[in-house]
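Hi,

Here is the structure I promised to pass on.

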Amino acid sequence: DAVDVWTSVRLPHRTDHINLEQVAWCVKQDRLREWGAYSGSFCFGFNEGVPGRVYATLGPERRPDVAALEVTSFPRVHGARRLCMHSCVGIPVAVPGGPLVFVFYSTERFTASDELVDYIIDCLHRCRFEISVQQCQL
């Protein structure tokens, strides 16, 4: 129902620290447009939230119901509850300059199968991504 794309941005005053910022989003239904804007208002550090954990492990993460999680596990839980966002799958994609993290969301509750995750990874690896992001101004 929705997808966010996250990339790392080095902070100008802390070259040892990265932030993951949303660089793109897409929703299937107009009623979910608020999710893209809401999600994009967040930044994640290394190993923080789904984008940060996927970035840190370079492996996929599956969550069957993010709306049931605590804010410490899913910082966007309040928006997920309000907008009925439930399942998510985070996938890293290697690109020059560091991985992109794609997070796919569904309004349905389900655990993504290995076959679905492998299919998404295969589709993403067939794409070519060129992202240009300005430095985070915090």
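Glu61 pairs with Arg53 in a salt bridge (a side-chain nitrogen of Lys or Arg within 4 Å of a carboxyl oxygen of Asp or Glu), with 2.9 Å between the closest N and O atoms. Both residues are buried, meaning under 20% relative accessible area, where over 50% is exposed and anything in between partly exposed (1.4 Å probe, protein chains only). Glu61, at 12%, also bridges to Arg63 at 2.8 Å, N to O, so Arg53, Glu61 and Arg63 form a network. Arg63 itself is partly exposed at 22%.

Before I go on: this is a predicted model, with local features needing pLDDT of at least 70 and side-chain atom pairs pLDDT 80 or more, while totals for chains, interfaces and linings use all residues. Residues are numbered from 1 along each chain as its sequence is written, and side-chain values use heavy atoms, without hydrogens or water.

The whole structure has 8 salt bridges. Another one joins Glu34 and Arg82 at 2.7 Å, N to O. Glu34 sits in helix H1 and Arg82 in helix H3, 48 residues apart (helices are DSSP runs of H or I, at least four residues, numbered from the N terminus). Glu34 is partly exposed at 40%, and so is Arg82 at 48%.

As for nonpolar cores (buried Ala, Val, Leu, Ile, Met, Phe, Trp, Tyr and Cys joined through side-chain atoms within 4.5 Å), the largest has 24 residues, with Trp35, Phe74, Met85, Val103 and Tyr105 making the most contacts inside it. Apart from it lies another core of 12 residues, including Ile91 and Phe102.

Cheers

Definitions and conventions
Helices (H or I, at least four residues) and strands (E, at least two) are DSSP runs, numbered from the N terminus.
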